[in-house]
Amino acid sequence: MSIYPNNMFSTKQTCWFIRKVICWRAVASIAWAVLLLPPITAVFVILSRFNLLHPIHTITECFSLLTSASAIFSFILLGGVILMVGFLNLEYYTVIPAIACSKIALLGQLLHPRQFVNSLVHCIMGLIVAWCCAVFIGGSYETLSYPCMQSDGSSQMCLNEYHLVLMLAGAFVGFSHSLLGVIHNMNYVSFHTVQQYKYLRFKGSLPLVVKCSATQALYSIRNFIALYFFLGYIPRAWICKTLNLHLNSSIHTLDSIAGLLDLSLLYQLWMSATFLLFTWYITLLLFRIFVTEVCSFPVQSSFNEDVHQCLPKVLTGKQPMILKFLALQDLALLSQRSPSRRCEVFSLSQPGGHPHNWNAISRECLSLLADLTQRLVAYHDTVATNGRAKSLSTGSERKTSSETSVISGTEDMMSPRPTMLMKTPASVFSRSIIGGAQSPLTVPFTPDLDSPFASPALRRLTAPAEQCSPWYGTVQSPHIMRRAPKLWSTSTDSQANSSLPPSPASVPSPKQEASKPSLLAQFLQNRKEQVKNFLAKRVLIMYLFNKLPEASSQALFADSQAHIWALEGLSYLVQASFSEDQFGVVQTTLPSILSCMLVLQEAVDRHFKLPHASSKPVRSTSSMGDSTYKTLRFALRATLKTAIYRITTTFGDHLNAVQMSAEHRKRLQQFLEYKE
């Protein structure tokens, strides 16, 4: 969670939001997890010590154990673990998932130093929970050593391998849980489409938590048993040497087939791992429920000290991502369900009579949609050129009529302002140019930009232009992808393929022609290309650096929940303005809104024609990782089409009086005739 103290309100607003909203919600989720710990522990103790022959005696013994001093101390330790898990949830959560677009990117996430610290902490917490489980189970699992008799009749302290295996299993389950959290994006917090009370959400998700805990515990214990079978002698010998303990020769060691086939041991390991994961998943579930609870922001305030808490100021400022998402969610809800708050959005300022609220909200929403459109255009153009910077003809340099109308219509709505930092990873734009036609890579999904296989031209292609650069603004270059959004048509494609002379923008300047690389630079560049060509022929290297097709499309739409809310908020406000906007503030920006939506709709349709973009991923039901981000592009496409239909069905033939380009009008007519 980032803090951006760049404007006069951001520091104060961020402190207010963290102090009064996020922190209290996280504390409330942790408090509920701690309160649920005693009943969860009681169920675990009963299941781990239950005896079918003596059920009443077992239940009485369990309750006496839970009130003992050792159990109370274990409760304190478990409460500390829950506090640590809750803190890690608060530290690592995100509303925009980090999607690895290649195997090497995923490996880099797993080997990141911060992730190493996280895994170490989870390993230690798993060890503590396993020790508490050993106390609750009792019997042969309670202590690490016990007195045993030698062959000559003397007494000595022997290693209790059952206790050791239980402790190692807890550490292993904690470590594997940390790695699976990265693989399945368990730190991703999504927002439910259907609003429910916290209790109903918790109750509905409880069966899934039980199922995921038991399933993951089963797989983790299976992997641990296989690992202990081959390497179990190492920790056993080290513990014996360190603590001066002996092995009881009359008992089979647990790193043998006979020892690991002990059904009682397997059951206790599985129950302990399930208890560990269940308590952690309950904490994670409560955190997700509390953090994503709807937060209502006032549209306007009569007091200057509360202006930073108003919805227009929150939307347009540089804020933490969770605050941006909650504000957009509130915008979508008020546009549908609150006529009184909609009137505040349509109101004029006094004195002056300016629609500041509507201008700020619509400008932010249109900017979000235009940003997504530009990303889709850049992605598709990169795919179309296979990652090479192509020379642009005059036809492709010139703006089409539709593009001109979009820019002229939305230029006022997207004036310089603080923008929210929701950027797609650059890896989704990377393409390979090595190997020529014989390249083994799967076009268009190829190695990452940060990999040694990305060409300098490709890095220039996807790098953002600096404001002081001569290529910034309206100047177009073959190496820059910052083209304004446009609608595609056969006319523009034919213009791009025409044989007109190159435009002045594509002619290199004399300064560029004069700057030639030195001999040393050319030599190093040649050696670099040779190394890349050599590595490109290695199968293992290409397996690690090859793009994951589905992940590239998912990463492009990773933040689309914000765009979905922006579309819903704009369309519902425009629909309501037909009867509620007394001053006509919405009609002044209606051409820009329609043009922006139509351009985005064309870009989305073109994206879904790409390979792997229209294939729906299978949702995993055995993991607590939220996989809703995998289907965001489908939700965005449906929301976008619904938003346009919502406007066209409300205004009908009145839209014929709206100023727009011929291409936009033709596209809009398809919606008016219900042919889309």
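Me: Before anything else, what does "partly exposed" mean here?
Reply: Buried is under 20% relative accessible area and exposed is over 50%. Whatever sits in between is called partly exposed. This is a predicted model, and Glu91 in it has 39% relative accessibility, so Glu91 counts as partly exposed.

Me: OK, which residue meets the side chain of Glu91 in a salt bridge?
Reply: Glu91 is in helix 4 (residues 69-92), and its partner is in helix 6 (residues 113-137), 23 residues apart. The N to O distance is 3.1 Å, and the residue is Arg114.

Me: And Arg236, is that one buried or exposed?
Reply: Arg236 in helix 9 pairs with Asp255, which lies in the loop between helix 9 and helix 10 (257-260), so parts 19 residues apart in sequence get tied together. The cut-off for buried is under 20%. Arg236 has a relative accessible area of 9%, so it's buried.

Me: Which element gives the largest share of the nonpolar patch?
Reply: The patch has about 820 Å² of accessible area together, and Leu227 is one of its residues. Two elements give two or more residues: helix 8 (198-231) and helix 9 (233-243). The largest share is four residues, and it comes from helix 8.

How values were computed
Residues are numbered from 1 along each chain as its sequence is written. This is a predicted model: local features need pLDDT of at least 70, side-chain atom pairs count only at pLDDT 80 or more; totals for chains, interfaces and linings use all residues. Side-chain values use heavy atoms; hydrogens and water are left out. Patches are made of residues with over 30% relative accessible area and no salt bridge: like charges are joined within 9 Å, nonpolar side chains (Val, Leu, Ile, Met, Phe, Trp, Tyr) within 5 Å. Accessible areas come from the Shrake-Rupley method with a 1.4 Å probe; for residues, only the protein chains shown count as cover. A salt bridge is a side-chain nitrogen of Lys or Arg within 4 Å of a carboxyl oxygen of Asp or Glu. Buried means under 20% relative accessible area, exposed over 50%, partly exposed in between (1.4 Å probe, protein chains only).
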